[in-house]
Amino acid sequence: MFSQSLTAQLTRMVLLLVLTLVVVHHSEPLLELLAQQAVDMGCHQQNGAAAPDAHAHHH
């Protein structure tokens, strides 16, 4: 059925995730782009003073 074991697939996926996180963490333009997109989508407040029930809703 599967040519690769589940352990090998999970290991590869975890390594890819870690590599992606390291690249994003060390790439300032990409980090700024993702942060600006989060602000534009309303996920984060720019002024830091959110309404008391701002996080009461579920995503």
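The expected span of a helix is 1.5 Å times one less than its number of residues. In this predicted model, that rule can be applied to helix 2, which covers residues 28–40. Its 13 residues should span 18 Å, and its end C-alpha atoms are 18 Å apart, so the two values agree. After helix 2 comes Gly 42, which has a positive phi near 85°.

The chain as a whole contains two helices and zero strands. Further values for the chain are listed here.

| Property of the chain | Value |
|---|---|
| Share of the 59 residues that is buried | 3% |
| Accessible surface | about 5600 Å² |
| Share of the accessible surface from carbon and sulfur atoms | 66% |

Helix 1 runs over residues 6–26 and includes Leu 6. Is Leu 6 buried or exposed? Leu 6 has a relative accessible area of 59%, and exposed means over 50%, so Leu 6 is exposed. An α-helix has 3.6 residues a turn, so residues three or four places apart point the same way.

Note on methods
Residues are numbered from 1 along each chain as its sequence is written. This is a predicted model: local features need pLDDT of at least 70, side-chain atom pairs count only at pLDDT 80 or more; totals for chains, interfaces and linings use all residues. Side-chain values use heavy atoms; hydrogens and water are left out. Helices (H or I, at least four residues) and strands (E, at least two) are DSSP runs, numbered from the N terminus. Buried means under 20% relative accessible area, exposed over 50%, partly exposed in between (1.4 Å probe, protein chains only). Accessible areas come from the Shrake-Rupley method with a 1.4 Å probe; for residues, only the protein chains shown count as cover.
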